[in-house]
Amino acid sequence: MFREINGLPVHVLVIHAAVVLVPLLALLAVAYGVLPRWRPRLGWAVAALAVVTPIVAWVATESGEELEEALRAKGYPPDRLQQIHEHAEYGDTLFWFALGLGVVALLLVLSTSRLVAGRNLPRWLPILLTVVVAVLAVFAIVYVYLTGDSGAKMVWDGVV
């Protein structure tokens, strides 16, 4: 399922979506938290990205594992497989940060929505969620960079 589409590795196709969506979710979720007057305009986008982005990151991770297994089966040298494994570790970490960011961003949107406006939530909850979103956003963006950079270097250096 995660190996190929029309002869191309799925990983090569889906990583570009992850590289765009993770930083987009990070930036919009932080903006949603710190700019309350923009919440009506950003809420739907943050909620949609909070659901879609972790899924895309998961597909990128799973397809990367399939690609790594295919390369291992082809008899790739151990030093190259080690580089691929290090890249995969960055990708795994990125997935968890994307998932955490998505969950907390959804909680932030829900905590400030009209659906829960009369539920006596603590006034500090959106502030706390915004801080957590900001921290997760920084880590997610750092790991997008680390993962993407290590993958690009492998491609340009002819490892993959």
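Colleague: Which side chains meet in a salt bridge at 3.1 Å, N to O?

Modeller: Those of arginine 72 and glutamate 68 do, where a salt bridge is a side-chain nitrogen of Lys or Arg within 4 Å of a carboxyl oxygen of Asp or Glu. This is a predicted model, in which local features need pLDDT of at least 70 and side-chain atom pairs count only at pLDDT 80 or more, while totals for chains, interfaces and linings use all residues. Residues are numbered from 1 along each chain as its sequence is written, and side-chain values use heavy atoms, with hydrogens and water left out.

Colleague: How many salt bridges does the structure hold?

Modeller: The structure holds 3. Aspartate 149 and lysine 153 are separated by about one helical turn, because they are 4 residues apart in helix 4. Through shared partners, salt bridges join Glu68, Glu69 and Arg72 into one network.

Colleague: Switching topic, where is serine 150?

Modeller: Serine 150 is in helix 4, residues 125-156, helices being DSSP runs (H or I, at least four residues) numbered from the N terminus. Serine 150 is buried, at 17% relative accessibility.

Colleague: What is it in contact with, beyond four places in sequence?

Modeller: Serine 150 is in contact with His87 and Tyr90, contact meaning heavy atoms within 4.5 Å.

Definitions and conventions
Helices (H or I, at least four residues) and strands (E, at least two) are DSSP runs, numbered from the N terminus. Buried means under 20% relative accessible area, exposed over 50%, partly exposed in between (1.4 Å probe, protein chains only).
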